[in-house]
Amino acid sequence: MSRSVAYFSMEIGLNPEVKTYSGGLGVLAGDTLKAAADQGLNFTAVTLMYRDGYFRQVLEGQMQNEEGQEWNYFELLEDTGVTTHVEIKGEEVEIKAWKYVIEGERRNVEVYFLDTGLDSNSDYAKSLTSSLYAGDNEFRLSQEALLGIGGARIIDELGLNPDYFHMNEGHSALLTLEAVGEKIFTTHTPVAAGHDSFHKSTVEHVLGSRAEELDLEEGLNMTELALKHASYKNAVSDKHGEVSKTMFPEHVFEEVTNGVHSNTWTIESFQELYDDHIPGWRKDSHRLSKALRIPDKAIWSASRDAKISLNEIVQGELDTGTFTVGFARRSTAYKRPTLIFKDLEELERLAEKYGGLQLVFGGKAHPNDTNGKELIQQILKYGELLEKVDVYFIEDYGMEDALKMVSGCDIWLNNPVRGKEASGTSGMKAAHNGTPQLSTLDGWWIEGHIEDVTGWSIGEDYVEGEDQDKVDSKSIYQKLDHILSIYHNDREKWLSVMKHSIALNASYFNTDRMVKEYVAEAYR
Ligand SMILES: *Cc1c(COP(=O)(O)O)cnc(C)c1O
């Protein structure tokens, strides 16, 4: 009998239609559950419903505007009729659970979405499951009470009695007030502001008498609460483990490096390629290590097909013969989306030398992240200034665009400020499609990078205290020069790097391997 796990996450990204995710954290949750289903594990998941999704990004005069993200939850999810309630701000809030079934290779995993949009609830209570990461602190805590306390009660209503409650990030930590099973906690955030905390008065206002069960002397920190109760705690890369130990020195952290779900993050042309050359890869991602045997011609042809798919989402404006750099993720300062524009003359020089250069960008800024929005604006402005370099920005970046971008670009660029990226996953998606990465040595890339073999590093000689932007941007131009010369003058070497990114990176940085580690170390 396999042990049972209830997996809690504030966001879960299952497919492009189910708009209950904002980015990396949610996609990781979805990929984890798919891998659990493939392996036949006894998993159940809980999240909130978000009737208006996260938000739809509309660019108007280079500025990001946010619109509601309507989606057909009543068609995509099944109304279970199962209900429970949680007291929030003195109101008995009624919750209904909707269900989505992940059909894996070996069993199904059910995902429950909690919805408060019921006639019996007040307008405030109804609004709690309208959109993801919206509202003030009090609103956020109310949502987290729904997820943690309401989620634990729904699990109980469903007659489940899980051995483990896995908290994906601290948002669900209030489940520790209710749930009986053992607790597992995965932290994803090496940035202090990323850890939710609430004033004592807010907690008392939202939770009422339940607040008495918490130690609120210094307010409520959801990460601390999760850490206090979890018997197993982990970070999501080796480097993030080190960072977490310095952030929370009184706790022991294990490291389970993230992965991506191989089937989900491999574009059709590469799926067919693997079906032909690596039988069994869909059930066992490790088999991708055999990719070196795939004929060069077949890899190149799959990659050309992927570039044609990417071209569809930029209205056919790409030149599919021109080298293309991809960069897409949440737009925020530490990810430095405009770093490549630090020296425009250098960029023009590279485009001139190699007969063209295309940059494709995508990513939403959180509605309150003014700086993140300005960065998008700057990308578009630089695009206008450049003459020989063509810059494209894909509006409303989501899972579908992500797959087309990571597979259709020739190189995947990632340049976060060191120590700020817990793991990062989009580069792993790229590797599944033979797209090598050019990245600062942070997060998973410290483990996956072999220079000139799986991809390239940025600013590897950086010394603590130097101006990172200066060192790293200079390095980007040098590396791009080197990369472009391989791409144009040594096709065999280029294909070898593509194949090694599959064989060495995709075969390891996947959720098949990741979930097996959780089974061996956490769920035991
Ligand atoms: C994978 C993914 C992300 C995460 O990208 P990172 O580079 O790991 O930050 C964000 N958004 C979407 C839509 C994704 O698919």
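Residues are numbered from 1 along each chain as its sequence is written, and side-chain values use heavy atoms, with hydrogens and water left out. Because the model is predicted, local features need pLDDT of at least 70 and side-chain atom pairs count only at pLDDT 80 or more, while totals for chains, interfaces and linings use all residues.

**The ligand**

| Residue | Part of the residue | Distance to a ligand oxygen |
|---|---|---|
| R329 | side-chain N or O | 3.1 Å |
| K335 | side-chain N or O | 3.0 Å |
| T425 | backbone N or O | 2.6 Å |

Taken alone, the ligand exposes 380 Å², and the protein buries 94% of that. Accessible areas come from the Shrake-Rupley method with a 1.4 Å probe; for residues, only the protein chains shown count as cover. Helices (H or I, at least four residues) and strands (E, at least two) are DSSP runs, numbered from the N terminus.

**The cores**

A nonpolar core is a set of buried Ala, Val, Leu, Ile, Met, Phe, Trp, Tyr and Cys residues joined through side-chain atoms within 4.5 Å. Buried means under 20% relative accessible area, exposed over 50%, and partly exposed in between (1.4 Å probe, protein chains only). The largest core has 77 residues. I340 is one of the members that touch the most others, as are Y274 and W494. Leaving out residues up to four places away in sequence, I340 touches L347, L359, F361, L413, I476, Y477 and L480.

**Helix α15**

Helix α15 covers residues 468–489 and has 22 residues. From first C-alpha to last it reaches 31 Å, close to the 32 Å expected at 1.5 Å a residue. That expected span is 1.5 Å times one less than the number of residues. At the start of α15, a side-chain oxygen of D467 reaches to within 3.1 Å of the backbone nitrogen of D469.

T32 sits in helix α1. Its relative accessibility is 3%, so T32 counts as buried. The T32 side chain reaches the backbone oxygen of L28 at 2.7 Å. Beyond neighbours within four places in sequence, T32 is in contact (heavy atoms within 4.5 Å) with Y7, T511, M514 and V515.

T47 belongs to strand β2 (residues 42–48). T47 counts as buried because its relative accessibility is 0%. A polar atom of the T47 side chain lies 2.7 Å from the backbone oxygen of S9. Its contacts outside four places in sequence include S9, V111, F113 and L147.

S130 is found in the loop between α3 (123–127) and α4 (137–157). S130 is buried, at a relative accessible area of 15%. The S130 side chain reaches the backbone oxygen of S127 at 2.7 Å. With neighbours within four places set aside, S130 is in contact with Y50, R51, D52 and G53.

Note on methods:
Polar contact = N/O pair within 3.5 Å; in protein donor to acceptor, adjacent residues only side chain to side chain.
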